Amino acid sequence: PDNVGILAIEVYFPSSFVDQDKLEDFDGVSKGKYTKGLGQEQMGFCHDNEDINSLCLTVVARLMEKNHINYTEIGRLEVGTETIIDKSKSVKSVLMQLFDDSGNYDVEGVDTSNACYGGTSALFNAVSWVESSAWDGRFALVVCGDIAVYASGNARCTGGAGAIAMLVGPSAPLVIESGLRASYMRHAYDFYKPDLTSEYPIVDGKLSVQSYITALDNCYQTFCQKASKKLKTKSFNLSHMDFMMFHSPYCKLVQKSLARIVLNDFVRKELQNYPEEDQSGFDHLSNIKDVSLEDSVFDKNIEKAFMAASERLFSAKTKQSLLLSRRVGNMYTPSLYSCLASLLISTSLNDLPGKRIGLFSYGSGLAASMFSIRVTDQIGLPEVSGLPKVTGHPTFTLHSLVSGLLDINHRLEQRTQIEPEEFTAVLECREKHHTASNYSPTATPELLFPGTFHLTLVDNKFRRTYQRK
Ligand code: ACO
């Protein structure tokens, strides 16, 4: 099959959020630290009646309904998550409840975990399956979901929650470019979850940022080498990416990452190969001589110079991908794909066909990859004949994919703002009951969006039951 990639996307985020400006006051940090220093506006969070299973149930059910897909049409379903509530039973197996009415239990795939990277691994696996001799002609479904919560302290403001489902198959409006992929994987204790009785990670914040940037440098250098070979171009640099997206722990790190790509191109002596209009702002870089990538990760002068020089490129290629990240926070595995969804709804449809989107996925521990998506040349407006489709679902087009995401802005506005005091109480409640059995959630479904699955009971054998609002 040709042009394997993403046919449809569905995004779910919690209906409750806390305001970062208010959180600064509540936490007693210097004004502007979370909003300006980290670039975050709001943070989504879950009450005790949502867990990783319910988030994924919700997003899959919504994707299937919106796109009129029958559960018999799914041949592979894989979940990327680092939110572990069971050491053995996968989230994928819980999602199989949704298949009961269809009778289709012939569905490959289980869960994949490595911090924020599991979703990317699941996506690569799904693409490989469709491209392989094992493919049986049906769709693959990739689900990423997480509840990102930190112990009280300086990392708490970088939490978030959500789930994203992506339908994968041939003739896709978003094609995963084959052969354009670079990975960087190493052992690091920058962020990990060794305490299985707690939802919280152990974080070395500084090491996590250093690991992220080092992984970015390495993935980008390898990607450029592979890309110029594959595309048979003399050079490959940022100008070959029309849009560039990054896993977003917080928006400021993403802006720094785009600046870091420009620094990489500076070191590679590629800046002179950028189109002339993209070189404005680069003049004052001429007095910077030798820069070592390894030594410059925390070099504030270098960072400042390249942030300033790349500001226009950031606005053109990256900024519009941060809508969900800014307003929901770090969803972990869905973060990068929330950037994709944000980009698609924040860019004019006419500006998308034929474009190349670069994606950088990072998961602590660490696993990272850079890859690219080629947007189809055709918008694929729906036929205006007015005649109803008799059989099957309509074909998946760029138009149908983006249309399916347009409710995001409305849903962001429909959320309920919760005060920091109550947000803190909710996290304390989650903390207390994280490993509880015989537990009925204290939160009522009242605040949830219609159609949301929610936890109703953890019985005395830790079996979980859900209902749909
Ligand atoms: N106004 C404007 N900016 C401010 C203000 C203010 N009043 N106060 C602080 N800042 C700036 C700082 O200068 C700093 O900017 P810089 O990074 O450009 O130097 C920024 O705000 C953050 O301040 P720090 O003091 O560095 O923040 P802190 O050390 O408290 O923690 C951190 C930040 C490490 C991100 C923490 O929130 C954390 O550990 N988060 C979780 C780990 C994480 O997300 N890591 C990223 C990759 S791994 C992953 O995806 C999970």
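In the predicted model, helix 6 (residues 205–230) packs against helix 7 (residues 251–267) at an angle of about 40 degrees, and their axes lie 10 Å apart. Helix 6 is therefore oblique to helix 7. The crossing in which helix 6 passes helix 7 is right-handed. On the side of helix 6, the contact is formed by Val209, Tyr212, Ile213, Leu216, Asp217, Tyr220 and Gln221, while helix 7 contributes Leu253, Ser257, Arg260, Ile261 and Asn264. Classified by residue type, this contact of helix 6 with helix 7 comprises seven nonpolar, three polar and two charged residues.

The model also contains an open sheet of nine strands with mixed pairing, in the order 5-4-6-7-1-8-13-12-11. Arg356 has Arg374 of strand 13 as its bridge partner.

Two helices that pack on these strands were examined. Helix 5 (residues 118–131) lies across strand 4 (74–80), strand 5, strand 6 (139–148), strand 7 (160–169), strand 8 (174–185), strand 12 and strand 13, and runs at about 160 degrees to strand 4. Helix 11 (residues 335–346) packs on the sheet as well, where it touches strand 1 (5–12), strand 6, strand 7, strand 11 and strand 12. The direction of helix 11 makes about 145 degrees with that of strand 11.

Notes. Residues numbered from 1 in each chain as written. Predicted model: local features only at pLDDT ≥ 70, side-chain atom pairs only at ≥ 80, totals over all residues. Axes fitted to C-alpha atoms, helices over the stretch in contact; angles between N-to-C directions. Helix = DSSP H or I, 4+ residues; strand = E, 2+ residues; numbered from the N terminus. Parallel < 35°, antiparallel > 145°, perpendicular 65-115°, else oblique. Left-handed = near helix turned anticlockwise from the far one by under 90°. Contact = placed C-beta atoms within 7 Å. Nonpolar A, V, L, I, M, F, W, Y, C, P; charged D, E, K, R; others polar. Pairing = 2+ DSSP bridges.
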